[in-house]
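Here is a short briefing on one protein chain. Look at the structure first, then read the points by topic.

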Amino acid sequence: MASSLSSRALVAGAVLVVAALLLPAHHAVAHGEGEAKPPSSPADDVTTPPSDDVVAMPPPTPSVIAKPPSLPVDKPMPISPYNGGNALPPSSSMAPELSPALAPAPPPAPVYPFVVVEGVVYCKSCKGKGYNKNIDASPLEGATAMMVCYGRKVVNATGTVTDANGYFVIFFYDLKNFNVKTCKMYMVSSPSLKCNKPIYPPSQWIGLSLVKETRTIPPIGFQGLYTPTSVLFYGPAIKGQCPY
């Protein structure tokens, strides 16, 4: 009887020991099933390669692949050795054109003040082209006249030649040396050997004074118009001899 009780006690102790050893392992398994699993790695998502029965699709052709638009390639700007190696600015052909309203106006031409001295040289008592019966004379072409302005000494002498109408004109710009009271008009020479005698003034050494005339619409810079007190006359050296 005593031996059977001891055997049962040993079996019950062994069962308790085994139960005590198995209980922590069961709790560990149960706890592991309730926790969230960590994310799978990229390698886990890789699908299995196709089998030999699956045909692989070819890569898209170059016409299908979209290319980024190409940018225009500008020509390199020339380098100047005179500005530290910097690129030269674009030429005028590359610069934008300005409209006429925005384009700068050209600078005005300089205006120089001047006076005009004019007159006529005639051949006296000879009827020719342009003959003027009121003074019995014809215009003398190619005659030389000269204006001389005096100061303490002769400061300016300007010569001129008559045209087909016997007309001469002088544009005088040296205004600081121009004085109507001290400037005189002289005859210098005649182109005709048959009409080269000074009639008025009676000598080439005698000058005529100047008088001022008026002009309604003077040109820009015009200061005054002057003429001798009379027309200038040559005549034939021999009475009745005329060049025409």
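D136 is partly exposed, with a relative accessible area of 28%; the class partly exposed lies between buried (under 20% relative accessible area) and exposed (over 50%), using a 1.4 Å probe and protein chains only. The model is predicted: local features need pLDDT of at least 70, side-chain atom pairs count only at pLDDT 80 or more, and totals for chains, interfaces and linings use all residues. Residues are numbered from 1 along each chain as its sequence is written, and side-chain values use heavy atoms, with hydrogens and water left out.

**Confidence**

- The average pLDDT of the chain is 73, and 57% of the residues score at least 70. Here pLDDT is the predictor's confidence in each residue, from 0 to 100.
- A contact means heavy atoms within 4.5 Å.
- Residues 78-87 also have a pLDDT below 50. Beyond near neighbours in sequence, that stretch has 11 contacts in the model.

**Overall layout**

- The chain holds 2 helices and 10 strands. Helices (H or I, at least four residues) and strands (E, at least two) are DSSP runs, numbered from the N terminus.
- Along the sequence, the pattern is α-α-β-β-β-β-β-β-β-β-β-β.
- Of the 244 residues in the chain, 21% are buried.
- Take the contacts in the chain with a separation of 6 or more: 58% of them come from residues 24 or more positions apart.

**Disulfides**

- A disulfide is a covalent bond between the sulfur atoms of two cysteines. The rule used here is a pair of cysteine sulfur atoms within 2.5 Å.
- How many disulfides does this rule count? The count comes to 3 disulfides.
- C123 and C195 form a disulfide, S to S 2.0 Å. This pair links distant parts of the chain, 72 residues apart. C123 is in strand 1 (residues 114-124), and C195 is in the loop between strand 6 (183-189) and strand 7 (197-200).
- The link of C123 and C195 is right-handed, with 125 degrees about the S-S bond. C123 is buried because its relative accessible area is 0%. C195 is buried too, with a relative accessible area of 0%.
- C126 and C242 form a disulfide with sulfur atoms 2.3 Å apart. The pair links distant parts of the chain, 116 residues apart. C126 is in the loop between strand 1 and strand 2 (137-139), while C242 is in the segment after strand 10 (232-235).
- Why is the disulfide of C126 and C242 left-handed? The torsion about its S-S bond is about -90 degrees, so the disulfide is left-handed. C126 is buried, at 0% relative accessible area, whereas C242 is partly exposed, at 24% relative accessibility.
- C149 and C183 form a disulfide with sulfur atoms 2.0 Å apart. C149 lies in strand 3 (residues 144-150) and C183 in strand 6, so the pair ties together parts that are 34 residues apart in sequence.
- The link of C149 and C183 is right-handed, with 110 degrees about the S-S bond. Both C149 and C183 are buried.
- With the bonded cysteines of the chain numbered in sequence order, the pairing is 1-5, 2-6, 3-4.

- Is S190 buried or exposed? S190 counts as buried because its relative accessibility is 19%. S190 sits in the loop between strand 6 and strand 7.
- The side chain of S190 reaches the backbone oxygen of C195 at 2.7 Å. A polar atom of the S190 side chain also lies 3.3 Å from the backbone nitrogen of S192.
- Leaving out residues up to four places away in sequence, S190 touches L140, C195, N196 and Y234.

**Backbone exceptions**

- Most residues other than glycine have a negative phi, and most peptide bonds are trans.
- D136 is not a glycine, yet has a positive phi of about 50 degrees. D136 lies in the loop between strand 1 and strand 2.
- S125 is not a glycine either, and has a positive phi of about 60 degrees. S125 is in the loop between strand 1 and strand 2.
- The peptide bond from Y200 to P201 is cis, with omega near -5 degrees. P201 is in the loop between strand 7 and strand 8 (208-213).

How values were computed:
A polar contact is a pair of N or O atoms within 3.5 Å; within protein, one must be able to donate a hydrogen and the other to accept it, and residues adjacent in sequence count only if both atoms are side-chain atoms.
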